[in-house]
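Subject: Structure handover

Hello,

Here is the structure for you to look over. Please open it first, then read the notes below.

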Amino acid sequence: GSLIEQLTTEKYECMVCCEVVRIVAPVWSCQNCYHVFHLNCIKKWARSPASQAEDGNSGWRCPACQNASTQVPKTYTCFCGKVQNPEWNRNEIPHSCGELCGKKRQGLDCPHLCNILCHPGPCPSCPAFVTKTCECGQTSHSVRCGQSTKIHCSIVCGNTLNCGKHSCTQVCHAGKCSPCQLTVQQVCYCGSNFKEVLCGTKEEFSDGFGSFSCQNICGKKLNCGRHNCMQVCHPQPCQLCPRLPQVVYRCPCGQTPLSKLLELGCVERRTCTDPIPSCGKTCGKPLSCGSYELIHTCESLCHEGDCKPCSHTSNIYCRCGFKKKVTAITFMCDKRCNKKRSCGRHKCNEVCCVDTEHKCSLVCGRKLNCGLHRCEEPCHRGSCQPCWQTSFDELTCYCGESVIYPPVPCGTQPPECKKTCTRPHDCDHPVYHSCHSEEKCPPCTYLTQKWCMGKHELRSNIPCHLTDISCGLRCNQMLKCGMHKCKRICHKGECLIDEECKQPCRRALASESWFLICKLGLSLQHYDTFSKFYLLTQMKSNVPFFFFRIAAISIATKLTDLQLGDSVEISRLITKKEMKQARLQCDEECLSLQRNRRLAEALEIDDNSDPFNIRSSGPKYSDLLKEDARKDLKFVSDIEKEMRMLVEAVNKGKHPKKSHCYPPMNRDHRRIIHELAQVYGIESVSYDSEPKRNVVITAVKGKSVCPSNTLTSVLDKEMQSRPPPPIPHYKQADKSSGNNALSKPLKEEPVIDYFDVQD
């Protein structure tokens, strides 16, 4: 019903292409799982390598049930398979012929065919009623045809058991009756041995009717009354005595009839005890010592009884067939068997081995799943059996809340407990992990404050179990030499344990050399280069040494501190007098900032606040930015428009940040974007290398603000307020002379910004 509804409403999807199966599309239905697929899809699937069965010979597999099929579907048929290319009728089930199904129901012994219209999916159960007998066949009942349940009555079965003597006492049951469980006493054929077995048991050397062969010599008296039977215990009557006169017709070696010997004067035999006449010839019976190539015979004269041992020698193979030897008796070679025993672990190592199974007689000895005991069974293949040891004590968790009651198999882990761990801990922080069976608790992850290894700073949010913490700063502890400080990153223990200070010493150089090498951290190679540069400059100019110290500071910073992510404080490296000489003179902007700072301190106003909207009301654009903007007003206008839209979007939206990526552009355009980003309070970063270097701007909510006056509006106001430029003299002369030719503009030198920090 579900298949019919989905196919009719076109909601059924093909498992191969994941597309909806249309009403008019040719389909194929699996006869095992009844899934419906597009005919073209199932053809492609059947030809693909992924659909092939594992053995490679069973055909292709259904995508849904993995049932293997040998034939690839080629034609579009209805569900019952009677009509090819069925036409769709609005009043019928899609892809059906509209006639009776008529298929035989699978897996049932129902003789009736399906009597509903052609349909997808399995045929429903047969509605007909039939008469069926119970399992024992004594009663009959009316049930639905094809009902899988068995019918049982309450009557005793009564069928004859396997022994043929007793009847089955079970109530009506399915299958064959159980073997007879009565115990009977069996006697061997010769009557010398007895044993008790189940009635009807057919054991080795047993006839199943109460008698068996004990495999001993029969020993019964023969019909002659003088000799005993020498055959193995047998069910048939004993044979005649082999020495009776009417049985023996030849001499003991069998070469001469007794009738000829009687003609020669031998005495006729009357009883079985009379001796058998000898012919006097060589016995000639084959002996057991011979080989396939040469058979040895008895060399004694015709005689009764067994032949004497052979007096010859021959090539005899050992019992395993590896060696042969000239001897009169069987022997064993010294070759050890290299085959694996039945366990697969040990070698046989038997001398002259003739075994075929090579059973291992050693004890397994491997540890069982409990990890405490070892396997005591004979050495075997595969995994050992679970440990049979059992404890009758309760198994509890550490705190005793969870309990496993006996019997407890050996190797059972303690039960899981959801209570908080109660074991003693090294710290006093709250415990968040559950009770556990391991002796060692998990490390404490409570966030604390701890000093770094060099005692530089107190670090926060450090897990409790961490002990050695590095702040990432330089150690800066005084070394043993007393003049230098450790340059290693914050570390544990002493700075120099078994080493000496290898930094250039102050005593061996002049004061300027010590300043450059020891205090600034320059190497000897950098010092030589810098000293040459200093001497050449001093010869040509009277520049004081102070400026070269500033240059040395910059060099040292680039060589050492910038690699470590630190910076250099210049005030600690120069004197106060030099600092006063190097201080810049305040301009109008500097004086205005100082006045505003003093006023803010008097009124207790935060430096970062802007209560009167002074900063946002009047943004200040640099002269260089205005000059660049006049060259390309359209570019600046587009950039400001995008920045304003980005700032408005982040301030009105839910996200704290929004970014915008500009296409690759030249250096001048990137500089304009960086300067405008500072005015708008937007972060700007340059990425990639030339010629694909681009800028990404990021507006932060609450920090980025749109200025009241844009750069384009400021430029427009300046253009309107600026008076018209005077006409140059050379242009007036050209105008008066009637020459309208335009003069060539002066060639401007390109402006190169060597301090594009954002790039």
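This is a predicted model: local features need pLDDT of at least 70, side-chain atom pairs count only at pLDDT 80 or more; totals for chains, interfaces and linings use all residues.

Residues are numbered from 1 along each chain as its sequence is written, and side-chain values use heavy atoms, with hydrogens and water left out.

**The sheet and its helices**

Three strands form an open sheet in the order 18-20-19. The pairing is antiparallel. Strands are DSSP runs of E of at least two residues, helices are runs of H or I of at least four, and both are numbered from the N terminus. Two strands pair if DSSP finds at least two bridges between them. Strand 18 (657–661) and strand 19 (683–687) are the edges, each pairing on one side only. From one strand to the next, the twist averages 20°. Axes here are lines fitted to C-alpha atoms, for helices over the stretch in contact, and angles run from 0 to 180 degrees between N-to-C directions.

Strand 20 covers residues 694–700 and is joined to strand 18 by five bridges. Across that antiparallel pair, His 660 stands opposite Ile 697.

Look at Phe 635 in helix 11. Phe 635 counts as buried, at 16% relative accessibility. Buried means under 20% relative accessible area, exposed means over 50%, and partly exposed lies in between (1.4 Å probe, protein chains only). Setting aside neighbours within four places in sequence, Phe 635 is in contact with Met 665, His 669, Ile 672 and Ile 673. Contact means heavy atoms within 4.5 Å. Phe 635 and Ile 672 are 37 residues apart along the chain, and their C-alpha atoms are separated by 9.5 Å.

**Aromatic groups**

The structure holds two aromatic pairs. One of them is Trp 28 with Trp 60, a tilted pair at 5.6 Å centre to centre and 55° between the planes. Rings of Phe, Tyr and Trp (its six-membered ring) pair if their centres lie within 6.5 Å; planes under 30 degrees apart are stacked, over 60 edge-to-face, and the rest tilted. Trp 28 sits in strand 1 (residues 27–29) and Trp 60 in strand 3 (residues 60–61), so the pair links distant parts of the chain, 32 residues apart. Trp 28 is buried at 18% relative accessible area. Trp 60 is buried too, at 2%. Ring pairs join Trp 28, Phe 37 and Trp 60 into a cluster.

Elsewhere, the charged end of Arg 423 sits over the ring of Tyr 398, 3.8 Å from its centre. The cut-offs are NZ of Lys or CZ of Arg within 6 Å of the ring centre and within 35 degrees of the ring normal.

**Helix 2**

Helix 2 spans residues 39–47, and its buried residues are Leu 39, Cys 41, Ile 42, Lys 43 and Ala 46. Their cover includes strand 1, strand 2 (36–38) and strand 3.

**Salt bridges**

There are 11 salt bridges. Each is a side-chain nitrogen of Lys or Arg within 4 Å of a carboxyl oxygen of Asp or Glu.

Arg 22 bridges to Glu 10, with the closest N and O atoms 3.0 Å apart. Both lie in the loop between helix 1 (2–8) and strand 1, 12 residues apart. Arg 22 is partly exposed at 44%, and Glu 10 is partly exposed at 27%.

Arg 243 and Glu 304 meet at 2.8 Å, N to O. Arg 243 lies in the loop between strand 9 (211–212) and helix 3 (258–263), and Glu 304 in the loop between helix 3 and strand 10 (314–317), so the bridge ties together parts 61 residues apart in sequence. Arg 243 is partly exposed at 23%; Glu 304 is partly exposed at 36%.

Arg 459 and Glu 457 form another, at 2.6 Å between the closest N and O atoms. Shared partners also join Asp 628, Asp 668 and Arg 671 into one salt-bridge network.

Best wishes
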